[in-house]
Amino acid sequence: MVERIAIIGAGISGLLACKYTLSKGLTPIVFESQDEVGGVWTKTIRTTKLQTPKSLYQFSDFPWPPSLVQNFPTQNQVLEYIQSYARHHALLSHIKLNTRVVSVSYDGPPEEEMRTWTLWGGTGKPFGPKGKWKVTVQDTGSLRTEVHRVDFVIMCAGKYSDSPNIPEFPPDKGPEVFQGKVIHSMDYSAMDNASAAKLIQGNRVAVVGFQKSGMDISMECSSANGIKQPCTLLYRTEHWNMPDFLPWGVPWLISIKIASLSSWFISLRWGVSKFVESHIKKKLRLAKHGMVPKHSFFKELNSCSMATVPEGFFDRVEEGSIILKKAERFSFCSQGILIDSETEPLKIDLLVLATGFKGAHKLKAAFTSPTFRDLMDKDTRLPLYRECIHPRIPQLAFIGVSESIANLFTSEMTCRWLAELLDGTFKLPSITEMEKDVCQWNNYMKQSLGESYNRSCLGAAQIWYNDQLCKDMGWKPHRKKGPFRELFEPYGLMDYA
Ligand SMILES: Cc1cc2nc3c(=O)[nH]c(=O)nc-3n(C[C@H](O)[C@H](O)[C@H](O)COP(=O)(O)OP(=O)(O)OC[C@H]3O[C@@H](n4cnc5c(N)ncnc54)[C@H](O)[C@@H]3O)c2cc1C
Ligand SMILES: NC(=O)c1ccc[n+]([C@@H]2O[C@H](COP(=O)([O-])OP(=O)(O)OC[C@H]3O[C@@H](n4cnc5c(N)ncnc54)[C@H](OP(=O)(O)O)[C@@H]3O)[C@@H](O)[C@H]2O)c1
């Protein structure tokens, strides 16, 4: 029997899922709503670069071209690399571009029967004898829809597009009362470079959010308008954003390796955290700018909320072309925005909300079944076993939900695990055991993150996570030659090639 697999999305996760399912003799069909593959890398703001060292953001069987010397390639270079990967593995013939998945619905036993299952899908096997998924797709040009019946669905729809996180405001205090313009960073990224520059040029601009999009857009704004028309960046939380990858001269990956080893030893973890914090504080002069975070670097790492600071960002703050303003809360008035702790409005023409995305919301919305949507709604982190499958949603997997220091690393490792599961290399434990595992993992993350606990992130536990996948697949988890290298040498995808 030919098992048909629908893959939703052709970013790095969808391409990897396609490659690995093909390698097991399965028949994937990838639906991609855009007109090219590459996901978020197809369109970003002009100055975007890879913020992860490229050795960690590398397909295990397809190294970066040796001619590319930069450690942090530009958006175009990353896109070209991803698209070359798709061509190299002849994936394009399996991908339907300009095809949006509008819904997925499970056509199987009644819900009452499914509730009694003790094993995933009733049998513990990935392909259920009784059930199929109906995937409804729409051609983005003609708007014609068609339904595909498949044996398994892999959701690779990404978290950082389509579903912006827009703050809520009380009645008469939202964007509707403002005479200027309000956009989300997603709209800004979607603009061509000339239109984006025109939007900013000569205007009074404020940006909300002190993470990567917020910092990058503020930099573009300050380059365009200088100190004559400074850009105001509004933030509510100070962050340990990284100035470079050499804390006190120690290669970043070694610090991360030690931080990950120290996950379970509080005093070592504290030491590593303080070591990195002292470097960031000094290099970025955080105390002078009142930007020293209240939480530890370890929390930042474990919540995947750390970004790299664009070069020269704090120089722009010192010259006055970027103004940093703490705003726990704000609302709108006709001339601009009112910050809760201030009496005068900040008069602006344009507000850019670099306030992130509601990625999980987008993934839940694809399900027609309210029961499946509710199952995904239990927590801010999606409750997935091995960050990949929901114990009570049969014949379906997610890739790319969980983040890490290098998302490609996590997506490829999870894809390899999934391909082995689909191939029957190992069996899943019972639903109850999987739920217990998900719960323990969530409790650990809640304890270690406190109020920062909000998104699916492996953080410093990447190697521990890989170890679990390796054990399931029957692979040796320790991949280094000798205990010294095991302790101190950073892990990358090549260690699992
Ligand atoms: C600007 C930017 C820079 C980043 N930089 C880094 C970095 O330096 N390092 C790092 O580790 N991570 C980075 N990330 C995180 C990034 O999201 C991941 O690294 C990775 O590219 C995600 O790949 P993905 O395939 O999981 O998702 P995406 O790249 O989002 O791909 C999802 C694909 O699914 C398609 N899709 C969505 N819904 C549907 C649907 N209903 N029907 C059909 N198709 C659909 C989308 O069009 C898209 O092509 C960055 C993210 C952004 C936004
Ligand atoms: N490689 C690159 O160059 C690049 C460029 C852009 C984006 N990215 C990646 O893309 C992903 C998304 O990044 P992002 O910067 O768009 O989003 P993000 O990391 O989710 O950051 C959102 C920011 O908005 C703030 N915020 C959210 N809701 C708010 C509210 N109601 N009021 C005030 N502030 C609010 C958050 O503040 P709190 O911290 O207080 O929650 C945070 O500072 C990340 O993985 C990032 O690394 C990478």
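Trainee: Where is S218 found?
Mentor: S218 is found in helix α6. Helices are DSSP runs of H or I with at least four residues, strands are DSSP runs of E with at least two, and both are numbered from the N terminus. The model is predicted: local features need pLDDT of at least 70, side-chain atom pairs count only at pLDDT 80 or more, and totals for chains, interfaces and linings use all residues. Residues are numbered from 1 along each chain as its sequence is written, while chains are lettered from A and ligands numbered from 1 in the order in which they are written.

Trainee: What makes S218 count as buried?
Mentor: Start with the rule. A residue is buried if 20 or more other C-beta atoms lie within 10 Å of its own, exposed if 12 or fewer, and partly exposed in between, with C-beta atoms placed from the backbone. S218 has 29 C-beta neighbours inside 10 Å, so it counts as buried.

Trainee: How far apart are S218 and C231?
Mentor: In sequence, 13 residues separate S218 and C231. In space, their C-alpha atoms are 6.2 Å apart.

Trainee: Which strands make up the open sheet with β9 and β10?
Mentor: There are 5 strands, in the order β8-β15-β9-β10-β11, with parallel pairing.

Trainee: What makes β8 and β11 edge strands?
Mentor: β8 (181-184) and β11 (322-326) each pair on one side only. Neighbouring strands of this sheet are turned by 20 degrees against each other on average, direction ignored. For such angles, axes are lines fitted to C-alpha atoms, for helices over the stretch in contact, and the angles run from 0 to 180 degrees between N-to-C directions.

Trainee: Which residues come closest to ligand 2?
Mentor: The closest are G209, Q211, S213, T237 and G356, from 22 residues that surround ligand 2. To be near, a residue must have its C-beta atom, placed from the backbone, within 6 Å of the molecule or strand. Helix α6 (residues 212-225) supplies the largest share of this shell, 4 residues.

Trainee: From which domains does the shell around ligand 2 draw?
Mentor: Domain 1 (4-161 + 358-457) and domain 2 (175-353) each give at least three residues. The bounds come from an automatic or database domain assignment.

Trainee: How many residues around ligand 1, and which come nearest?
Mentor: There are 30, and G9, G11, G39, G158 and G400 come nearest. Helix α1 gives the largest share of the shell, 3 residues.

Trainee: How many of the residues around ligand 1 are polar?
Mentor: The shell has 16 polar, 12 nonpolar and 2 charged residues. Ala, Val, Leu, Ile, Met, Phe, Trp, Tyr, Cys and Pro count as nonpolar, Asp, Glu, Lys and Arg as charged, and the others, Gly among them, as polar.

Trainee: Why is strand β1 called largely enclosed?
Mentor: In β1 (residues 4-8), 4 of the 5 residues are buried, so the rest of the structure largely encloses the strand. β1 pairs with strand β2 (residues 27-31) in the parallel sense over 5 bridges.

Trainee: What is the hand of the crossover from β1 through α1 to β2?
Mentor: This β-α-β crossover is right-handed. The term applies if, with the strands pointing away from the viewer, the path from the first strand over the helix to the second runs clockwise.

Trainee: How many bridges join β1 to β7?
Mentor: β1 and strand β7 (residues 152-155) run parallel, joined by 4 bridges. I8 stands opposite M155 in β7.

Trainee: What makes the phi of D162 worth a look?
Mentor: Most residues other than glycine have a negative phi. D162 is not a glycine, yet its phi is positive, about 65 degrees. D162 is found in the loop between β7 and β8.

Trainee: Why is D162 called partly exposed?
Mentor: D162 has 15 C-beta neighbours inside 10 Å, so it counts as partly exposed. R285 also has a positive phi, about 55 degrees, although it is not a glycine. With 13 C-beta neighbours inside 10 Å, R285 counts as partly exposed.

Note on methods
Two strands pair if DSSP finds at least two bridges between them.
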